Amino acid sequence: MNAHADNLSSVDALAPIFKASGDPLRLEILRVLRRDTFGVLELSQLFDMRQSGMSHHLKVMNKAGLLEPQREGNAIFYRRPLHLDSDKPTDQTIRQIFEVVDRVPLPPHLQERIEAIRTQRADQSQAFFARHAEQFREQQELIAAFDLYAEPVAEMIRKRSRKHQWQSALEIGPGEGAFLPVLAELCGHVIALDNSRDMLAKATRTCIEERLNNIDLIEGVTDTLLARGDAFDLVVANMVLHHVPSPADIFLDAAALMNNGGCFVISDLCSHDQDWAKENCGDLWLGFEPEELTSWAADAGLLAGEQLFIGLRNGFQIQVREFWKHSGQI
């Protein structure tokens, strides 16, 4: 009798999931949220529908556990749930739905609209750094002084370099180039990649002053290097993810740019609610849950390694993480 009641209970719990996902539009919404996080207005733009209609769909899907809201300051964004229990029938069902919809390619028109939104975000970030290039250090240190995260990152890399002979390194978003001396010391060849010409000019001055002769500075994005066929043993991104339009794609690109046994090291903010960072520091995202980074890395075929969390007096927390392209290299 009890077993029968439990089975009925499980079926009752599954019904809302199938009901909420039994709509082509909602399945498309789940598809575009595979790695990206979008706001209601952005999703309305993607699917060319009124905000009220999109909000209804999102409410139904949220209630069924198919997605979850993420507050970014005054705006609400939506993503797939971070925590799915492998032992719960409801979570198993949700995971299976995700696996099925992910096998279906996005229609070209939808991919084009996603790229348009990413471009809007990138333009917003680039415009901020163009306006505030001369105050870059002051702006960044409103959140965290450079040494607070750069030294732990450098120590993590130095510790690993005792075992690994890294010949080539890439730093994504080097800013003023303050971390480049560390990479120049440990690797034979370093590329510094930034989409801001103003920041690259500052990094160039750093290289000249520090006499760093093994560094090439390139204006562009990770696609620029992918098109060239570059490959690296080490990829570093210091306080970059919260400035990029699609953070999950950085993991995919880093994995594609790394040699087997390569390491991707990042430092970035943990999730926070200090909305002023968007206006004052040009942040697109208010940090990230550690589980988000782990999930994006796994999706890119990378395995999480060492991690360190640094609490700051102003309420922010920084996570320093490493991800490996091959498990045997940890």
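1. **Ground rules.** The model is predicted: local features need pLDDT of at least 70, side-chain atom pairs count only at pLDDT 80 or more, and totals for chains, interfaces and linings use all residues. Residues are numbered from 1 along each chain as its sequence is written, and side-chain values use heavy atoms, with hydrogens and water left out.

2. **The sheet.** An open sheet is built from 7 strands, in the order β6-β5-β4-β7-β8-β10-β9. Its pairing is mixed. The edges are β6 (215–219) and β9 (303–311), each of which pairs on one side only. On average, neighbouring strands are turned by 15° against each other, direction ignored. Helices (H or I, at least four residues) and strands (E, at least two) are DSSP runs, numbered from the N terminus. Two strands pair if DSSP finds at least two bridges between them. Axes are lines fitted to C-alpha atoms, for helices over the stretch in contact, and angles run from 0 to 180 degrees between N-to-C directions.

3. **A parallel pair.** Strands β4 (residues 168–172) and β5 (residues 189–194) run parallel, with 5 bridges between them. Ser168 has His189 in β5 as its bridge partner.

4. **Helices on the sheet.** Helix α12 (residues 247–257) packs on the sheet and touches β4, β7 (232–238), β8 (258–269) and β10 (317–324). Its direction makes about 150° with that of β8. Helix α14 (residues 290–299) also packs on the sheet, touching β8, β9 and β10. The direction of α14 makes about 20° with that of β10. Contact means heavy atoms within 4.5 Å.

5. **Strand β10.** This strand is largely enclosed by the rest of the structure, because 7 of its 8 residues are buried. Buried means under 20% relative accessible area, exposed over 50%, and partly exposed in between (1.4 Å probe, protein chains only). β8 and β10 are antiparallel and joined by 7 bridges. Asp268 has Gln319 in β10 as its bridge partner. β9 and β10 are likewise antiparallel, with 7 bridges. There, Gly311 stands opposite Gln317 in β10. The hairpin of β9 and β10 has 5 residues between the strands, and Gly315 takes a positive phi near 100°.

6. **Arg321.** For charge, Lys and Arg count as positive and Asp and Glu as negative; His and the chain ends are not counted. The Arg321 side chain reaches the backbone oxygen of Pro290 at 3.3 Å. Leaving out residues up to four places away in sequence, Arg321 touches several residues, among them Met156, Phe264, Leu293 and Glu306.

7. **Arg26.** Arg26 sits in helix α2 (residues 24–32). It too is buried without a salt bridge; Asp23, the nearest side chain of opposite charge, is 4.7 Å away. Its side chain makes a polar contact with that of His57 at 2.9 Å. A polar contact is a pair of N or O atoms within 3.5 Å; within protein, one must be able to donate a hydrogen and the other to accept it, and residues adjacent in sequence count only if both atoms are side-chain atoms. Beyond neighbours within four places in sequence, the contacts of Arg26 include Lys19, His56 and Met61.

8. **Salt bridges.** The count comes to 17. Asp299 pairs with Arg35, the closest N and O atoms being 3.0 Å apart. This pair links distant parts of the chain: Asp299 in α14 and Arg35 in the loop between α2 and β1 (38–39), 264 residues apart. Asp299 is partly exposed at 33% relative accessible area, and Arg35 is partly exposed at 23%.

9. **A buried pair.** Arg80 and Asp102 form a salt bridge at 2.6 Å, N to O. Arg80 lies in the loop between β3 (75–79) and α5 (89–101), and Asp102 in the loop between α5 and α6 (108–131), so the bridge ties together parts 22 residues apart in sequence. Both residues are buried.

10. **Strand to helix.** Glu306 and Lys159 meet in a salt bridge at 2.8 Å, N to O. Glu306 is in β9 and Lys159 in helix α8 (residues 146–161), so parts 147 residues apart in sequence are tied together.

Terms used: Salt bridge = Lys/Arg side-chain N within 4 Å of Asp/Glu carboxyl O.
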